[in-house]
Amino acid sequence: MKKKVLNILIGGMPQSGSTVLFNIINFILTNKHNSKYFNITSLLYHPTVAFSKKIATNEFLTWYDEYRDKLETNITHTVLLKEHHYSDSFLINEWADVIFLIKRDIRDSIASRRRRGKPLMSKGKLYSGMEEYDSDNFDGFKKWCEYLVKDCWEDWILAANTYNKNLYLFEYSDLKGIKPVCVLNAAAATLAAGNALSKSIT
């Protein structure tokens, strides 16, 4: 019997449709047909807060990988995580087998964030002590624009290429109109990637 493990990351810009993408992939993996083959754990990722039913930490990812390695099962034990930005200090950059990345015109992303009353600052980076600035001045605005483009997009792509990950890229417009089929096709590719990965693990 083979050990089956699949780690999936949903990343990309805030207010870009990442939560919708996360929910679509989660729905596909947990539907009645796929639930026979996939045991899915869906969590948000945060490296500096306590583990909970909704939050995964580095310690949890390490422990759960070791736990799954000991299992003898026909079911692929899958973890689906969401994290906006890439960081060298996060275990998640090497952890994921498959990465779904989504972006949006930063003008629309910023406008959406402002409408929701959120500051132009990464809550994750702030809590991690990685970044602190005044998000209400022009320098803070420039930092946020760089965060959206570099941390939440370009750095993920570079890391995925460096670590030879399965990478699927989306734009916000892919989630609208007739384009959700694009998401479904990529999700199907994830399932195929999971099956291929399962066959290679003994």
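View 1. Val-98 stands opposite Asn-166, a residue of strand 6, in what is a predicted model. Strand 5 and strand 6, the latter spanning residues 166-171, run parallel and are joined by six bridges. Strand 5 also pairs in the parallel sense with strand 1, which covers residues 5-12, and here the pairing extends over five bridges. Strand 5 is mostly covered, with five of its six residues buried.

View 2. Strand 4 is mostly covered, since seven of its seven residues are buried. In a regular strand the side chains alternate between the two faces of the sheet.

**View 3. The largest nonpolar core and another core apart from it.** The largest nonpolar core holds 19 residues, and those that touch the most other members are Ala-56, Phe-60, Leu-61, Leu-81 and Trp-95. Two or more residues of this core come from each of strand 2 (38-45), helix 2 (58-69), strand 4 (76-82), strand 5 (98-103) and helix 6. Helix 6 gives the most to the core, contributing five residues. Apart from this core lies another one of 13 residues, among them Ile-25, Leu-29, Leu-80 and Leu-175.

**View 4. Helix 1 and the side on which its buried residues lie.** Helix 1 comprises 13 residues, numbered 18-30, and its first and last C-alpha atoms are 18 Å apart, close to the 18 Å expected at 1.5 Å a residue. Its buried residues are Ser-18, Leu-21, Phe-22, Ile-25, Asn-26, Ile-28 and Leu-29. These residues lie on the same side of helix 1, because the arc they cover around the axis is only 160 degrees.

**View 5. Aromatic rings, with the pair of Tyr-86 and Trp-156.** The count of aromatic pairs in the model comes to five. In one of them, the ring centres of Tyr-86 and Trp-156 are 5.4 Å apart and the ring planes stand at 75 degrees, so the pair is edge-to-face. This pair links distant parts of the chain, given that Tyr-86 lies in the loop between strand 4 and helix 3 (92-95) and Trp-156 lies in helix 6, 70 residues apart. Tyr-86 has a relative accessible area of 10% and is buried, and Trp-156, with a relative accessible area of 0%, is buried as well. Elsewhere, ring pairs link Phe-100, Tyr-168 and Phe-170 into a cluster.

**View 6. Lys-142 and its salt bridge with Asp-139 in helix 6.** Lys-142 is found in helix 6, which spans residues 138-162. The side chain of Lys-142 meets that of Asp-139 in a salt bridge, with a distance of 3.7 Å from N to O. Lys-142 and Asp-139 are three residues apart in helix 6, and are therefore separated by about one helical turn. Both partners are described as partly exposed: Lys-142 has a relative accessible area of 43%, and Asp-139 has one of 48%. Lys-142 can also be located relative to Leu-120, from which it is 22 residues apart in sequence and 9.6 Å apart in space, C-alpha to C-alpha.

View 7. In another, the side chains of Arg-107 and Asp-105 meet at 2.7 Å, N to O. Arg-107 counts as exposed because its relative accessibility is 64%, whereas Asp-105, with a relative accessible area of 33%, is partly exposed. Lys-150 forms a salt bridge with Asp-155, and the closest N and O atoms of this pair are 3.1 Å apart. Lys-150 counts as partly exposed at 34% relative accessibility, while Asp-155, at 15%, counts as buried.

How values were computed
Residues numbered from 1 in each chain as written. Predicted model: local features only at pLDDT ≥ 70, side-chain atom pairs only at ≥ 80, totals over all residues. Heavy atoms only, no water. Helix = DSSP H or I, 4+ residues; strand = E, 2+ residues; numbered from the N terminus. Buried < 20%, exposed > 50% of the residue type's maximum accessible area, 1.4 Å probe, protein only. Salt bridge = Lys/Arg side-chain N within 4 Å of Asp/Glu carboxyl O. Core = buried A, V, L, I, M, F, W, Y, C linked by side-chain atoms within 4.5 Å. Expected span 1.5 Å × (residues − 1). Arc of directions from axis to C-beta. Pairing = 2+ DSSP bridges. Phe/Tyr/Trp six-rings, centres within 6.5 Å; stacked < 30°, edge-to-face > 60°.
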